[in-house]
Amino acid sequence: MVNVAILGFGTVGSGVAEVLAKNADHIDQKVETPVRLKYILDVRDFPDSPFGDKVVHDFSIIENDPTVDIVVETIGGATVALDFTRRALTAGKSVVSSNKELVAEHGHELLQLAAEKGVSYLFEASVGGGIPILRPLSQCLAANELTEVCGILNGTTNYILTRMIRSGLTFEAALKEAQANGYAEKDPTADVEGHDACRKICILAAIAFGRHVYPRQVPTEGISGVTLADVAYAESCNRKIKLLGRAVKQDDGRICAYVAPHLVDGEAPLAGVEDVFNAIMVKGDAIGDVMFYGRGAGKLPTASAVVADVMDAARHIRSRKRIEWGPGGDDVAVGPEKMAFRWYVRALGTAEDARAVPGASLLSRPGAPADEVAFLTSPMTRAQLDGALGALVPQSVFRVLE
Ligand code: NDP
Ligand code: HSE
């Protein structure tokens, strides 16, 4: 018998309890031993829940119960969740998490602690919700020298952009829908301003390239600057606006990582990824391009990934399931300042000023004000672009994904 405790009975934690109960026969058969939910830790009581009798409020009950083998951390954040994760691992319990903030900030330390204690620390659900990505990246693609990971990593912002573009919803109305669906972070600024995607690209980069990348090393821009005017200009050149997280292995071995809105070719696979769906493209020297696609957030898709990790940890109770990467450092990651991109620019100014920008190809949209111009440029660095803008006053500046 394997006993499980869930920390945090919110959207994901309650989904985990539901899947463990609903699919108990199938799970027990696959793990070859019963997997049972013993405790739920939360700050609240849940008297109307079928799992209400399992709720406790003191973590030390779980920590000190030797029959608890696996702790599922679905509280979120990097404060109390860090403390509970350290204590669970130290007590010799495997930990399964959906908490990308914690993994992006402390993954290296927690993986080392798990290794010392001979237990597992697994977090498949922390990137891409229900999409299997971390295990394929660390195991199925292990034979490849990986050069790039790039994708739509946040369900909330992709949902918002899709609802704005397809149904003309305001940003605020679309965000409310995403929150009601359980997709958004507790503080949705983390979604909207790109911090959530930043945490996920840090985890992907660590697994793909073997070194810890900290969120503070990743220049991050969200979608709050994207307007319906930008959407119309993007459509006029058969492109879609998508928030992408990208990590590229440079020739000098360092990792160039960033998060920003991009114009994506309308025919490219990423352009067709809509609503809460995420997609992650991986480039390897043997496989070429491979894309992972599925629901990037939500109760049951995320619980699906968490429970699969629980099953994996349960099967390896006495032989740790190994994920690992090296430490971070100032020399490990760099921003994209030295990379050349084609740029989309919407600015206040004249067409004459715009035509002076190298390679400028002007765009149009119905109802544009007389003092607005928009154009795509030839490839250049951001510093070169800023130098070429002259009298133009930029309103939106996004990269074009080639
Ligand atoms: P929720 O806010 O819905 O759930 C968190 C739960 O933990 C809440 O019930 C909360 O109570 C409880 N909690 C807060 N503080 C404590 C504490 N000190 N002790 C015990 N319980 C506590 O978050 P989600 O389920 O949406 O997300 C959980 C984690 O999973 C986050 O890291 C998130 O980023 C990640 N994630 C979420 C996905 C999603 O689709 N929602 C998808 C993939 C990952 P209260 O509400 O009273 O604060
Ligand atoms: N808030 C996150 C998102 C949850 O919208 O993608 C999934 O990690």
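Begin by selecting Leu 161, Thr 162, Ile 165, Arg 166, Lys 240, Ile 241, Lys 242 and Glu 274, which line the second largest cavity. This is a predicted model, in which local features need pLDDT of at least 70 and side-chain atom pairs count only at pLDDT 80 or more, while totals for chains, interfaces and linings use all residues. Residues are numbered from 1 along each chain as its sequence is written, chains are lettered from A and ligands numbered from 1 in the order in which they are written, and side-chain values use heavy atoms, with hydrogens and water left out.

**The second largest cavity**

On a 1 Å grid over the protein atoms alone, a cavity is a set of points where a 1.4 Å probe fits but cannot get out, a pocket is an open set with protein on both sides within 12 Å along at least five of seven lines, and lining residues have an atom within 4 Å of a point. Grid points are joined across faces, edges and corners, and a volume is the space filled by probe spheres set on the points; for the second largest cavity the volume is about 40 Å³. Colour α7 and β8 (239–249), each of which supplies at least two residues of this lining, with α7 giving the largest share, 4 residues (helices, H or I of at least four residues, and strands, E of at least two, are DSSP runs numbered from the N terminus).

**The largest cavity**

Next, select Leu 122, Arg 135, Ser 138, Gln 139 and Ile 323: the largest cavity holds about 90 Å³ of space, and of its 11 lining residues these are the closest to its centre. Helix α6 (residues 134–140) contributes the largest share of the lining, 4 residues. Because domain 1 (2–130 + 299–315) and domain 2 (134–295) both give residues to the lining, the largest cavity lies between them; the domain bounds come from an automatic or database domain assignment.

**Ligand 2**

Moving to ligand 2, show the residues around it, among them Asn 154, Tyr 183, Asp 196 and Lys 200, where a residue counts as near if one of its heavy atoms lies within 4 Å of the molecule. For polar contacts (pairs of N or O atoms within 3.5 Å; within protein, one must be able to donate a hydrogen and the other to accept it, and residues adjacent in sequence count only if both atoms are side-chain atoms), look at Lys 100, whose polar side-chain atom lies 2.4 Å from an oxygen atom of ligand 2. An N or O atom in the side chain of Thr 156 is 2.6 Å from an oxygen atom of ligand 2, and one in the side chain of Asp 191 is 2.7 Å from a nitrogen atom of ligand 2. On its own ligand 2 has 260 Å² of accessible area, of which the protein covers 93% (areas come from the Shrake-Rupley method with a 1.4 Å probe; for residues, only the protein chains shown count as cover).

**Ligand 1**

Now select ligand 1, which 23 residues surround, the closest being Ser 98, Lys 100, Glu 185, Lys 186 and Gly 298. Each of domain 1 and domain 2 provides at least three residues of this shell. A polar side-chain atom of Glu 185 lies 2.6 Å from an oxygen atom of ligand 1, and a polar backbone atom of Gly 182 is 2.9 Å from a nitrogen atom of ligand 1.

**The second largest pocket**

Finish at the second largest pocket, with a volume of about 260 Å³, where Leu 270, Met 281, Lys 283, Leu 401 and Glu 402 are the closest to the centre of the 14 lining residues. β10 gives the most to this lining, with 3 residues.
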